[in-house]
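User: I am new to this structure and would like to learn how to read its features one at a time. Could you take me through them, giving the general idea before the particular case?

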Amino acid sequence: MTNGHRITVEPSSARVRVVHGDQVLADSGRALLLEETGCPPRYYLPAEDVRLDLLTPSDTHTVCPFKGTASYWSLPDAPDLVWSYPEPLPEVAAIKGYLCFYSPEVS
């Protein structure tokens with residue numbers, strides 16, 4: 001990465017669950033842990049472990065110079081709750097097909 005900015009992506013041994021209200025939105029033992037300079041560690045979960053049927057694609061897109069363009073999904077009471085990088089930059093290609101939530105439960 002550039003100017004001392006680093007991103008690492010590694011398999012995590014943690015179990016990651018995402019619960020919103022009384023609904024389990026995701027539950028995975030196959031998460032990737034992404035650590036990035038200046039950002040909190042984030043768990044990216046395989047799409048197969050996420051209840052995409054409960055989420056609605058959002059019109060929101062953001063651009064990260066280190067990861068690429070993110071797409072978002074929402075719940076009726078939680079806009080842009082989850083995001084992914086459909087075409088991540090080569091340095092973080094491992095997160096393709098994975099989604100990230102703001103507040104997972106990690107054990």
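User: Let me begin with accessibility: is Y102 buried, partly exposed or exposed?

Analyst: Please keep in mind throughout that this is a predicted model. A residue counts as buried under 20% relative accessible area and as exposed over 50%, with partly exposed in between. Y102 has a relative accessible area of 42%, and therefore Y102 is partly exposed. W83, by contrast, has 7% relative accessibility, so W83 counts as buried.

User: How many aromatic pairs does the structure hold, and how should I read their geometry?

Analyst: The structure holds two aromatic pairs. The angle between the ring planes gives the class: under 30 degrees is stacked, over 60 is edge-to-face, and the rest is tilted. In the pair of Y72 and W83 the ring centres are 6.2 Å apart and the planes stand at 40 degrees, which means that this pair is tilted. Because Y72 belongs to strand 7 (residues 68–75) and W83 to strand 8 (residues 78–84), the pair ties together parts that are 11 residues apart in sequence. Both Y72 and W83 are buried.

User: What can be said of the rings of W83 and Y102?

Analyst: Their centres lie 4.5 Å apart and their planes meet at 55 degrees, so the pair of W83 and Y102 is tilted. This pair links distant parts of the chain, since W83 sits in strand 8 while Y102 sits in the loop between strand 9 (98–101) and strand 10 (105–106), 19 residues away. Taken together, Y72, W83 and Y102 form one aromatic cluster.

User: Now the sheet: in what order do its seven strands stand?

Analyst: In general, the strands of a sheet pair through backbone hydrogen bonds, and they may do so in a parallel or an antiparallel way. Here seven strands form an open sheet in the order 1-4-5-9-8-7-6, with antiparallel pairing. Strand 1 (7–11) and strand 6 (56–64) stand at the edges with a single partner strand each, so one side of each has no neighbour in the sheet. Leaving direction aside, neighbouring strands of this sheet are turned by 35 degrees against each other on average. As an example of pairing, strand 5 (residues 42–46) and strand 9 run antiparallel and are joined by three bridges, and P46 stands opposite Y98 in strand 9.

User: Finally, how much space lies in the largest pocket, and which residues lie nearest its centre?

Analyst: The largest pocket holds about 200 Å³ of space. Its lining has 13 residues, of which E36, R42, K67, W83 and Y85 lie nearest the centre. Strand 4 (32–36), strand 5 and strand 6 are the elements that give two or more residues to this lining. By class, the lining has nine nonpolar residues, one polar residue and three charged residues.

Note on methods:
Residues numbered from 1 in each chain as written. Predicted model: local features only at pLDDT ≥ 70, side-chain atom pairs only at ≥ 80, totals over all residues. Heavy atoms only, no water. Phe/Tyr/Trp six-rings, centres within 6.5 Å; stacked < 30°, edge-to-face > 60°. Helix = DSSP H or I, 4+ residues; strand = E, 2+ residues; numbered from the N terminus. Buried < 20%, exposed > 50% of the residue type's maximum accessible area, 1.4 Å probe, protein only. Pairing = 2+ DSSP bridges. Axes fitted to C-alpha atoms, helices over the stretch in contact; angles between N-to-C directions. 1 Å grid on protein atoms, 1.4 Å probe; cavity = no way out; pocket = protein on both sides within 12 Å on 5 of 7 lines; lining within 4 Å. Points joined across faces, edges and corners; volume = space filled by probe spheres on them. Nonpolar A, V, L, I, M, F, W, Y, C, P; charged D, E, K, R; others polar.
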